[in-house]
Each structure stands twice: as C-alpha cells, then as structure tokens.
Amino acid sequence: MQKQNNDFYVCKRLRLCHFLLMKGFNFDSYRPDKYNPKFLVWIFKNSDKLEKAVSEYYERLETKAWWNTEFLI
C-alpha cells in the first residue's frame, strides 16, 4: 500500500483491497499501475479508520492470521 498524498491511498494488493471491502470501505476508482500497467491499483479516500484497517491487515499478515474469519466482526 502506498500513500500517494494526504487525501488518497493507492492500494496495490488485491487481498488488501478485498480486506478493505469486507470491512465496509469502498474504493473511489481503479486504474492500471503506472509502474507496471499489467496490474491494477485501487484508490481509496484516506481516513483514520482506513489507516487503522490497513495496519490491522499488515499485523494479521505478519502473524499469519489472515484467514481467521473473526477479523470481520
């Protein structure tokens, strides 16, 4: 996940995008990655809740708790 500016996040990971969608976030748009046009990136509006959800995703990824379904509750 890259921070493009203070208003938007550019998400490059499909699983992170899916995680955010399951958490109730919606992306504003998507487009080809400017560094690798074979891949898509998803643009989310920045917020404190979004940053917290992204941090939660990476914490769970490090502890290999990605497939624990309790993260959606």
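**Entry 1: Lys12 and its partner**

I looked up Lys12 and recorded it as partly exposed, because its relative accessibility is 31%. The model is a predicted one. I then examined the contacts of the Lys12 side chain and found a salt bridge to Asp33, with an N to O distance of 3.5 Å. Lys12 sits in the loop between strand 2 (8-11) and helix 1, and Asp33 in the loop between strand 3 and strand 4, so this pair ties together parts 21 residues apart in sequence. Asp33 is buried, at a relative accessible area of 10%.

**Entry 2: Other salt bridges**

How many salt bridges does the whole structure hold? My search of it returned three. One of them joins Lys23 to Glu56, whose closest N and O atoms are 3.1 Å apart. Since Lys23 belongs to the loop between helix 1 and strand 3 and Glu56 to helix 2, the pair ties together parts 33 residues apart in sequence. I noted Lys23 as partly exposed, with a relative accessible area of 29%.

Glu56 also forms a salt bridge with Arg60, with 3.2 Å between the closest N and O atoms. Both residues lie in helix 2, four residues apart, about one turn of the helix. Arg60 counts as partly exposed at 22% relative accessibility. Through shared partners, Lys23, Glu56 and Arg60 are joined into one network.

**Entry 3: Aromatic pairs**

Ring pairs gather Phe19, Tyr57 and Tyr58 into a cluster.

I next inspected Phe27 and Phe44; their ring centres are 6.2 Å apart and their planes meet at 80°, so the pair is edge-to-face. Phe27 is in the loop between helix 1 and strand 3 (29-32), whereas Phe44 is in strand 4 (residues 40-45), and the pair therefore ties together parts 17 residues apart in sequence. Phe27 is partly exposed at 29% relative accessibility, while Phe44 is buried at 1%.

**Entry 4: Cysteines**

My search of the whole structure found zero disulfides. Cys11 is buried at a relative accessible area of 0%, and Cys17 is buried at 2%.

Notes:
Residues numbered from 1 in each chain as written. Predicted model: local features only at pLDDT ≥ 70, side-chain atom pairs only at ≥ 80, totals over all residues. Heavy atoms only, no water. Disulfide = S-S within 2.5 Å. Buried < 20%, exposed > 50% of the residue type's maximum accessible area, 1.4 Å probe, protein only. Phe/Tyr/Trp six-rings, centres within 6.5 Å; stacked < 30°, edge-to-face > 60°. Helix = DSSP H or I, 4+ residues; strand = E, 2+ residues; numbered from the N terminus. Salt bridge = Lys/Arg side-chain N within 4 Å of Asp/Glu carboxyl O.
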